[in-house]
Amino acid sequence: MKSSSSVVAVIGGGPAGLMAAETLAAAGAQVQLFDAMPSVGRKFLLAGRGGLNLTHSEPAARFASRFGERSAQIGPWLDAFGSHQLREWAHGLGIQTFVGTSGRVFPADMKAAPLLRAWLHRLRASGVQFHMRHRWLGGLEAPSDASMPGRTLRFATPAGETALRADAVVLALGGGSWSRLGSDGAWVPWLADLGIDVAPVLPANCGFDVGWSNYFAERFAGQPFKSVAIEFRDSRGRQFERRKGEFVATATGVEGSLIYAASGLLRDEIAASGSATLTLDLLPDRSAAQVLAEATHPRGSRSVSGHLKGRLGLDGVKAALLHEVLGRDGMHDMEKVADGIKALPIRLVAPRPVDEAISSAGGVRLEALDAGLMAHAVPGVFCAGEMLDWEAPTGGYLITASMASGVVAARGALRWLERSGR
Ligand SMILES: Cc1cc2nc3c(=O)[nH]c(=O)nc-3n(C[C@H](O)[C@H](O)[C@H](O)COP(=O)(O)OP(=O)(O)OC[C@H]3O[C@@H](n4cnc5c(N)ncnc54)[C@H](O)[C@@H]3O)c2cc1C
């Protein structure tokens with residue numbers, strides 16, 4: 001393969017860029033990997049803090065369906081590198097994995113650091129050269145000497161600006177969240193300037209603002225809602241099916257796994273209608289009839305809160321939320337209270353800013369790329385990872401698809417180098 005003498009620049013050292021580098025180096029390309037930060041894989045390491053959820057063990061078709069409208073395009077990436085290959089790959093680095101009760105897959109020690117260390121060691125051994133504190137400045141100039149192939153890339157470094165000519169380029173710049181870890185979304189206008197179609201970068205797997213009263217915010221921010229259920233239907237009839245789980249009250253609204261799961265629909269509904277109202281069941285293990293019977297049971301001289309605590313075990317943040325939504329008068333109508341306990345409307349008015357989100361939606365539209373993830377507008381330039389316009393829930397889908405797209409972009413680059421005789 002001609003690629004043995006080709007220089008391929010990979011920009012971005014997250015899971016997508018590292019996987020692209022590994023695939024390219026294995027085929028004999030000279031890989032130069034650049035990252036703006038002092039070290040690579042910072043978001044990957046952060047993901048390891050709460051237990052690195054590498055992938056999911058569910059069947060391939062179900063796995064692919066998690067990418068919603070993008071399932072058809074992402075399915076082939078997962079054929080190239082899906083959850084099975086990802087686990088094999090981790091095992092190849094000496095990292096055993098296990099399937100948790102939910103079907104999620106984790107490294108045996110739950111950590112990201114040992115895996116990243118072993119991976120970087122293997123990448124260096126395979127010849128990948130790392131250039132840290134090299135921030136790509138946008139722009140992909142054709143060399144001034146027209147006889148020279150490839151593109152010239154410019155980087156800001158602590159020693160000043162530097163340039164590199166590469167035969168092909170893989171951009172793996174990450175999405176738009178947690179900018180302090182490197183993925184700051186600054187590339188959005190740069191790629192648009194190059195004629196690459198980019199969808200607006202939006203928060204995904206994110207929290208929302210409700211606008212609590214000062215009383216509720218001061219006393220209950222940080223408190224978890226455990227064993228609750230939510231459901232949501234948007235104005236177009238799209239539905240988030242009733243699901244049990246947990247979330248947390250924040251100073252301004254709500255966040256946490258159950259909210260993240262519904263966040264794509266909620267975000268889109270807020271964009272379309274100005275707000276989104278989800279339905280919360282505070283006692284999902286009790287039927288509406290049971291709750292009504294207990295709530296309307298004569299309470300004698302007991303206060304409403306004492307009554308709800310005594311008959312239904314409802315207190316703390318759950319009781320406070322009921323009060324927050326129904327108001328003082330509503331709390332004295334026990335039929336309303338019973339309805340509220342089983343179906344409390346929570347009106348969300350805004351998603352939290354993208355920088356706070358677990359991931360981002362939007363980015364380089366897949367229609368702007370060919371099947372090998374090369375930009376139609378800029379031949380020889382490939383894109384991979386969260387910077388592409390797809391989104392998925394948490395559950396290991398984000399890392400898997402980022403790495404899979406790294407493999408696809410690298411293979412695309414190798415094919416292109418061969419076709420163009422470089
Ligand atoms: C708190 C948290 C927990 C998470 N947990 C999980 C989890 O358990 N499982 C899961 O699947 N996913 C998880 N994710 C999501 C996952 O980490 C990301 O989807 C994944 O890291 C995206 O990989 P990427 O390679 O596309 O981008 P990134 O990992 O964001 O890497 C992009 C890289 O590009 C570099 N870069 C950006 N711009 C430039 C530039 N101009 N020049 C040079 N370098 C540049 C950045 O410095 C960065 O190193 C989590 C995310 C967060 C925030």
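Start at the boundary between domain 1 and domain 2, where two residue pairs are in polar contact, both at pLDDT 80 or more. A polar contact here is a pair of N or O atoms within 3.5 Å; within protein, one must be able to donate a hydrogen and the other to accept it, and residues adjacent in sequence count only if both atoms are side-chain atoms. On the side of domain 1 that touches domain 2, three residues are nonpolar, none polar and two charged. In this grouping Ala, Val, Leu, Ile, Met, Phe, Trp, Tyr, Cys and Pro are nonpolar, Asp, Glu, Lys and Arg are charged, and the others, Gly among them, are polar.

This is a predicted model: local features need pLDDT of at least 70, side-chain atom pairs count only at pLDDT 80 or more, and totals for chains, interfaces and linings use all residues. Residues are numbered from 1 along each chain as its sequence is written, and side-chain values use heavy atoms, with hydrogens and water left out.

Next, select Glu 391 and Arg 267. Their side chains form a salt bridge at 2.7 Å, N to O; the term requires a side-chain nitrogen of Lys or Arg within 4 Å of a carboxyl oxygen of Asp or Glu. The count between the two domains is one salt bridge.

Now colour by domain. Domain 1 takes 7-203 + 361-420 and domain 2 takes 208-351, with bounds from an automatic or database domain assignment. Their centres, taken over C-alpha atoms, are 39 Å apart. Five residues of domain 1 contact four of domain 2 (heavy atoms within 4.5 Å).

Finally, select the ligand and the 31 residues around it; Asp 35, Asn 53, Trp 136, Glu 386 and Ile 399 come nearest (a heavy atom within 4 Å counts a residue as near). From oxygen atoms of the ligand, draw these distances:

- to a side-chain N or O atom of Asp 35, 2.5 Å;
- to a backbone N or O atom of Ile 399, 2.8 Å;
- to a polar backbone atom of Leu 398, 3.5 Å.

The protein covers 94% of the 1000 Å² of accessible area that the ligand has on its own (Shrake-Rupley method, 1.4 Å probe; for residues, only the protein chains shown count as cover).
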